[in-house]
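Please look at the sequence and the structure shown here before reading on.

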Amino acid sequence: MRGNSRTVESQQSGVHEKLEAIVEKYQRTENRRPIHGHTQQAFDEVEDWLSDWQGEVILDSCCGVGKSTAGLAQRYPEARVIGIDKSALRVNKHQHYETRQNNYQVVRADVVDFWRLMRASSNQSAWHIAAHYLLYPNPYPKPSQVQKRWHASQAMPDLMALSPRLEVRSNWLIYLEEFAVSAAKYAMQCDISEVNPEQPAFTPFEEKYQDSGQQCWRLVGVGES
Ligand SMILES: C[S@@+](CC[C@H](N)C(=O)[O-])C[C@H]1O[C@@H](n2cnc3c(N)ncnc32)[C@H](O)[C@@H]1O
């Protein structure tokens, strides 16, 4: 075994008992938190980059160092790919993973604000997101932290409105099972399967978990177009 990453430990043995009530609460409420200036600026720059773009856009939210963003840009050369992460430290490390592809950007921004700005944009044609990736989000495994998980957060209505195709990966199966329960309330059907460890790792976190002998999981959600 090359890695020593610890498996996710939680007092939860299944879907959080309050999950459905929390998801329904956020379906009824509006997020009025002010948008951070740095995310507004990053959003404006990306929207400008897409202003004359007619093709598909792929989103890689919480992309970390952007290895997966560069990988997606290589895999889909006919699309434009945007990687977003709030950590300047991680985004600044992207140069190690940079490729010669010029169809992608890795930007520092808070996805909570970015998703809201995308949804509210008057330029909806720029934000036709063909596929959205959310790879190894922080699990927040304590039951008391449930609302920090994306599917039980106030950001879920925006996340669900962005794309009819979503892929979420995690090394904690319960995270994805909960995601599927939550997404079903937005008419998104989800399928969960094992990530094949024989394939090259998609992201540094996937690599770390696989090197430690952990099973990684993949949820693919399909919603209404
Ligand atoms: C466990 S890491 C996974 C990174 C990468 N996707 C991977 O698999 O290697 C989770 C990432 O989510 C980012 N993140 C957490 N909350 C965020 C937010 N509100 N906006 C943008 N990025 C966020 C963190 O900065 C971190 O890079």
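This is a predicted model: local features need pLDDT of at least 70, side-chain atom pairs count only at pLDDT 80 or more; totals for chains, interfaces and linings use all residues.

Residues are numbered from 1 along each chain as its sequence is written.

The protein contains 8 helices and 7 strands; these are DSSP runs, of at least four residues for helices (H or I) and at least two for strands (E), numbered from the N terminus. Its radius of gyration is 17 Å, which agrees with the value near 17 Å for a compact globule of 225 residues; the radius is taken over C-alpha atoms, and the globule rule is 2.2 Å times the number of residues to the power 0.38. Along the principal axes, the C-alpha atoms fill a box of roughly 50 × 45 × 30 Å.

Strand E7 (residues 217–222) pairs antiparallel with strand E5 (residues 165–170) over 6 bridges, and strand E6 (residues 189–194) is also joined to E7 by 6 bridges in the antiparallel sense. Pairing requires that DSSP find at least two bridges between two strands. Within E7, Leu-219 stands opposite Val-168, and Gly-221 is the bridge partner of Cys-190.

Which residues are closest to the ligand? They are Cys-62, Gly-64, Lys-86, Thr-203 and Phe-205, among the 19 residues that surround the ligand, each with its C-beta atom, placed from the backbone, within 6 Å of it. Strand E2 (80–85), helix H5 (111–120) and helix H8 (204–211) each give two or more residues to this shell. The largest share, 3 residues, comes from H8.
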